[in-house]
Amino acid sequence: MAERRGGGCTSILSVLLVMGLVISMVVYLSPGLDFGNVRRTVYSDRSAGVPGSGGEGYTFMQVTSRDRPVTWGCEAQIEVEVNPAGAPEGYADLVASAVSRVNEASGFTFVVTGETDDREFEGRQRGPVLIGWADEEEVPDLAGPTAGLGGASYVVGPGGDARAVGGMVVLDTEMRGGWLRGLDEEVVLVHELVHVLGLGHSEEADALMAAENSGQDAFTEADLAGLEALQEAACA
Ligand SMILES: [Zn+2]
C-alpha cells in the first residue's frame, strides 16, 4: 500500500504565495527605526516589533491574526541584491560577512545574487531583498540618530497565515564619522537583516536586537531564542 506523505512546507509555501497573488494582498511592514543614540528617546514610539509578542527577550516584527510570527518559508533561499551606490569601501565583504553571520545564527539562508541599481527602499514589495545606502533626503526615516532600517513585505493568505516575500535594508551614509562613529557597520547590517527575517526589538539592552546599540556586537541567548522561534514558525 502506498504511503501518502505530507507535502512539507515547500508546497504549503507555494500555495500561500499563489493565494497571495490571487488576492493581491501585499502589506508593507514598516521598517524599524534603529540603533539610535541612547540619549534620544523621541523614536521609542516607532520602534520595531509588536509589543507583547515573541518570548523572553525578543519580539516579532509582525504577527498574523493567529499570533504567529511573520517570517520566510521553510528552507527558503532568500535572494539579496546589493546597490553599491554610496556604499563604503569593502562593502562586498561587509555584506558577505553579515549575511553569513545571520545565516549561521538563524538557520535561514540569504543568498547574495548580484548588484542592482534598484533604489526602491520604501513601499518595496515582492522581489529580492535590497541592501543599499542612502541619506535622509532620499529616505526620510533615516533622519536623526537612525543608522539603518530593515523590514520585509509579506503576503497574507485567506486563512490568515502569512509569508515574507520581499524586503530591504538601507544604511545611513551620513552616520559614518558621525553617529556611527564607533559603531560597527557590519553589526548594523546584521541587526537589520534580522528585522528582515522577522524579529522586532528586544527590551534587553545587551541584545543585538535592542533598539539602541551601545557597543553590543554579538547575538545574545535572547536573540538566538527569537531566531529559533522564527525558524520553528517557518517550518511548522
Ligand atoms: Zn532595529
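So, which residue forms a salt bridge with Asp 161? That's Arg 68, and the closest N and O atoms are 3.7 Å apart. Before I go on, keep in mind that this is a predicted model.

Let me stay with that pair for a moment. Arg 68 sits in the loop between β1 and β2, while Asp 161 is in the loop between β5 (148-156) and β6 (162-172), so we're linking distant parts of the chain, 93 residues apart. Arg 68 is partly exposed, at a relative accessible area of 27%.

Okay, the rest of the salt bridges. There are four in the structure. Glu 186 pairs with Arg 101, and here the closest N and O atoms are 2.8 Å apart. Glu 186 belongs to helix α3 (residues 185-197) and Arg 101 to helix α2, so this bridge ties together parts that are 85 residues apart in sequence. Glu 186 is buried, with a relative accessible area of 15%, whereas Arg 101 comes out partly exposed at 27%.

Then there's Glu 138 with Arg 119, again a salt bridge, 2.8 Å from N to O. Glu 138 is in the loop between β4 (129-134) and β5, and Arg 119 in the loop between β3 (109-115) and β4, 19 residues apart. Both are partly exposed: Glu 138 at 33% and Arg 119 at 28%. And to come back to where I started, salt bridges with shared partners join Arg 66, Arg 68 and Asp 161 into one network.

Back to Glu 186, though. What does its side chain touch through a polar contact? The side chain of Ser 97, at 2.9 Å. Ser 97 lies in helix α2, residues 91-106, and it's partly exposed at 27%.

Asp 67, in the loop between β1 (26-28) and β2 (77-82), has a phi near 65°, which is positive in a residue other than glycine. Glu 75 is in the loop between β1 and β2 as well, with a positive phi of about 55°, and it isn't a glycine either. Asp 67 is exposed at 62%, and Glu 75 is exposed at 66%.

How many disulfides does a search of the whole structure find? One. It joins Cys 74 to Cys 235, 2.1 Å from S to S. The link is right-handed, with 100° about the S-S bond. Cys 74 is in that loop between β1 and β2, and Cys 235 is in helix α4 (residues 221-235), 161 residues apart. Cys 74 is buried at 8%, but Cys 235 is partly exposed at 33%.

Last stop, α4. At 1.5 Å a residue, its 15 residues should span 21 Å, and the end C-alpha atoms are 21 Å apart, so that agrees. Its buried residues are Ala 222, Asp 223, Gly 226, Leu 227, Ala 229, Leu 230, Ala 233 and Ala 234. They cover an arc of only 155° around the axis, so they're on the same side of α4. On the face turned away from that buried side you get the exposed residues Glu 221, Glu 228 and Glu 232.

That's it from me.

Conventions
Residues are numbered from 1 along each chain as its sequence is written. This is a predicted model: local features need pLDDT of at least 70, side-chain atom pairs count only at pLDDT 80 or more; totals for chains, interfaces and linings use all residues. Side-chain values use heavy atoms; hydrogens and water are left out. Helices (H or I, at least four residues) and strands (E, at least two) are DSSP runs, numbered from the N terminus. Buried means under 20% relative accessible area, exposed over 50%, partly exposed in between (1.4 Å probe, protein chains only). A disulfide is a pair of cysteine sulfur atoms within 2.5 Å. A polar contact is a pair of N or O atoms within 3.5 Å; within protein, one must be able to donate a hydrogen and the other to accept it, and residues adjacent in sequence count only if both atoms are side-chain atoms. The expected span of a helix is 1.5 Å times one less than its number of residues. The arc is that of the directions from the helix axis to the C-beta atoms. A salt bridge is a side-chain nitrogen of Lys or Arg within 4 Å of a carboxyl oxygen of Asp or Glu.
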